Amino acid sequence: MKKTEVKVNINCHKCKSEVLKAVTKLQGIDQVTADAAKGILTVVGEVDPVCVITRVRKTGKDAEIISVGPPKKPDPPKPEKPDNDPPKPLPLSCPQCQYVVVSYAPDDGRICSIL
Ligand SMILES: [Zn+2]
């Protein structure tokens with residue numbers, strides 16, 4: 001079990017659901033969360049980070065591994081400054097998604113069967 005953090009630009013609800021859906025298809029996923037405000041996708045489970053990246057890129061987004069490590073951090077995170085501004089609500093779609101819809105081609109999810 002490990003935690004993989006991936007940098008992904010999440011511009012709207014559609015981005016978020018597309019990315020989550022794509023990654024959830026992978027084998028060995030325990031938990032997937034997307035932080036749209038920070039643009040970070042967190043994946044917990046026995047999964048190859050490269051597969052996660054590959055899946056995210058299949059949605060037409062750029063993805064980049066931030067970190068791979070144990071699901072529980074050895075050190076507690078330092079308290080950040082209070083976040084007084086509520087996160088902006090995500091728009092339902094964005095230009096990037098419009099493009100993805102046009103170019104989207106379904107796949108059988110076997111791209112990571114190398115494992
Ligand atoms: Zn979008």
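Two residues are in contact if their C-beta atoms, placed from the backbone, lie within 7 Å. Keep that in mind for what follows. The model is predicted. In it, helix H1 lies across strand S1 (2-8), S2 and S3. H1 runs at about 165° to S2.

Now take the whole chain. The protein has 3 helices and 4 strands. Starting at the N terminus, the elements run β-α-β-β-α-β-α. There are 115 residues in the protein, and buried residues make up 23% of them. Consider also the contacts in the protein with a separation of 6 or more. Of these, 73% come from residues 24 or more positions apart.

Next, the sheet. The 4 strands form an open sheet, and their order is S2-S3-S1-S4. The pairing is antiparallel. Which strands sit at the edges? The edge strands are S2 (29-35) and S4 (63-69). Each of them pairs on one side only. From one strand to the next, the twist averages 20°.

Look at S3, residues 40-45. S3 pairs with S2 in the antiparallel sense, over 6 bridges. Two residue pairs show this. Asp35 has Ile40 in S3 as its bridge partner. Gln31 has Val44 in S3 as its bridge partner. S2 and S3 also form a hairpin, with 4 residues between them. Gly39 is in the turn and has a positive phi of about 70°.

For Glu5, the bridge partner in S3 is Thr42.

Then come the helices. Two packed helices are described by the angle between their axes and the distance between the axes. H1 covers residues 13-24, and H2 covers residues 49-58. The two pack at an angle of about 140°, with their axes 9 Å apart. Why are H1 and H2 called oblique to each other? Angles over 145 degrees count as roughly antiparallel, and 65 to 115 as roughly perpendicular. The rest, apart from angles under 35 degrees, count as oblique. The angle of about 140° therefore makes H1 and H2 oblique to each other. H1 passes H2 in a right-handed crossing.

Which residues make the contact? On H1, they are Val19, Ala22 and Val23. On H2, they are Val52, Arg55, Val56 and Lys58. By class, this contact of H1 with H2 has 5 nonpolar residues, no polar ones and 2 charged ones.

Key: Residues numbered from 1 in each chain as written. Predicted model: local features only at pLDDT ≥ 70, side-chain atom pairs only at ≥ 80, totals over all residues. Axes fitted to C-alpha atoms, helices over the stretch in contact; angles between N-to-C directions. Left-handed = near helix turned anticlockwise from the far one by under 90°. Nonpolar A, V, L, I, M, F, W, Y, C, P; charged D, E, K, R; others polar. Pairing = 2+ DSSP bridges. Buried ≥ 20, exposed ≤ 12 C-beta atoms within 10 Å, placed from the backbone.
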